[in-house]
Amino acid sequence: MVDLQSQYLRIKQEIDAGIQDVIDSAAFVKGPKVTDFQHHLEAYTGARHVIPVGNGTDALQIALMGLGLRPGDEVITPTFTFIATAEVVALLGLTPVVVDVDWETMNMDIASVRRAITPRTKAIVPVHLFGQCADMEALMALAEEHHLYVVEDACQAIGARYTFANGETKQAGTIGHIGCTSFFPSKNLGCYGDGGAIFTNDDELAAKMRAIANHGMVVRYHHDMIGVNSRLDSIQAAVLDAKLPHLDEYIAARQKAAAYYDEAFKDCPALLVPGRQAHSTHVFHQYTLRVTGTDRDKLREGLAERGIPAMIYYPVPLHQQKAYLDPRYKDGDFPAAEKLAACVLSLPMHTELDNEQLEYITSSVLALCRK
């Protein structure tokens, strides 16, 4: 699904030099490489504050802790997403409230969000699924109307750009009150271990979240709030800092591969290519088909026999997960999400795909669909 080795070889000298600098300095934790990367990522995204942390899940948890939410407060999030989005809500004793998604874009459905708001609702966590922003202008207007926080889960969408009706453009993760991202190795900007970051333009929130990520400590050994231990280590920061200048190039490569897939599948009645959000670019962390005219699982098996990996993201919506079963929800309540879970299939998507590989993948998919 991802060719990290070939990507590394293209920038081997930069990666190796950055890692060697960390080893030579022995500043493995909170070293200058972390600060350098933080500042470079602030410049790239336009975020006033970037807070590097241990992983994307930590970023979401620290964000919600920073908002001072209390047990029982409701947090709205889509039911079609990776489990971490709801996991941190539940871990903090908050109440996850799930909503349906749009069949075309697979992102949070705004009408469903509106229906889910109650007097106990305190925050909305949109997920920029597979690499494009949710409808953030509508979502921010809804949040303002009801005095709610918005925490963007941008773990799959770093570098995606959202354009507002007035022409203003912002990057994924910098639109809401807080944004979160992941640097898991397979992400568009990935390190060689775990890593994540939090974005905000709010000085007070930034100070609070920095303290929470550092055991609730501002002055050494003086703990003003309950915190956690979450930090991006210096070696991972060095890897990310070497990759960051190439991020736009990586995004362009993914978009080129996605365009190839689109063209190949546009006339195949068994397949629906990914829908596009009207006001967002798509950075294609995943290229996810909706397989509607043939057996999705047999197609996946056939591709595996030809040496082509394909993945199902995600086979079970949150409201059907055993750990998150809730009497408020029943099968059929979220038709788009349930239909997507039964038909989505993600094809290989990475920066190193060439035309020969794309031709083999697409011709194999089409041949199997005709069987």
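The sulfur of Cys 180 sits 6.5 Å from the closest cysteine sulfur, in Cys 155, and that is too far for a bond, since a disulfide is a pair of cysteine sulfur atoms within 2.5 Å. Cys 180 is also buried, at 0% relative accessible area (buried means under 20%, exposed over 50% and partly exposed in between, with a 1.4 Å probe and protein chains only). Cys 133 is likewise buried, with 0% relative accessibility. The disulfide count comes to 0 by this rule; for Cys 133, the nearest cysteine sulfur is that of Cys 155, 13 Å away.

The model is a predicted one, so local features need pLDDT of at least 70 and side-chain atom pairs count only at pLDDT 80 or more, while totals for chains, interfaces and linings use all residues. Numbering runs from 1 along each chain as its sequence is written, and side-chain values use heavy atoms, with hydrogens and water left out.

At the start of α8, a side-chain oxygen of Asp 202 comes to within 2.9 Å of the backbone nitrogen of Glu 204. After the helix comes His 215, with a positive phi near 65°.

Ile 23 lies in helix α2 (residues 12-25) and is partly exposed, at 43% relative accessible area.

Conventions. Polar contact = N/O pair within 3.5 Å; in protein donor to acceptor, adjacent residues only side chain to side chain. Helix = DSSP H or I, 4+ residues; strand = E, 2+ residues; numbered from the N terminus.
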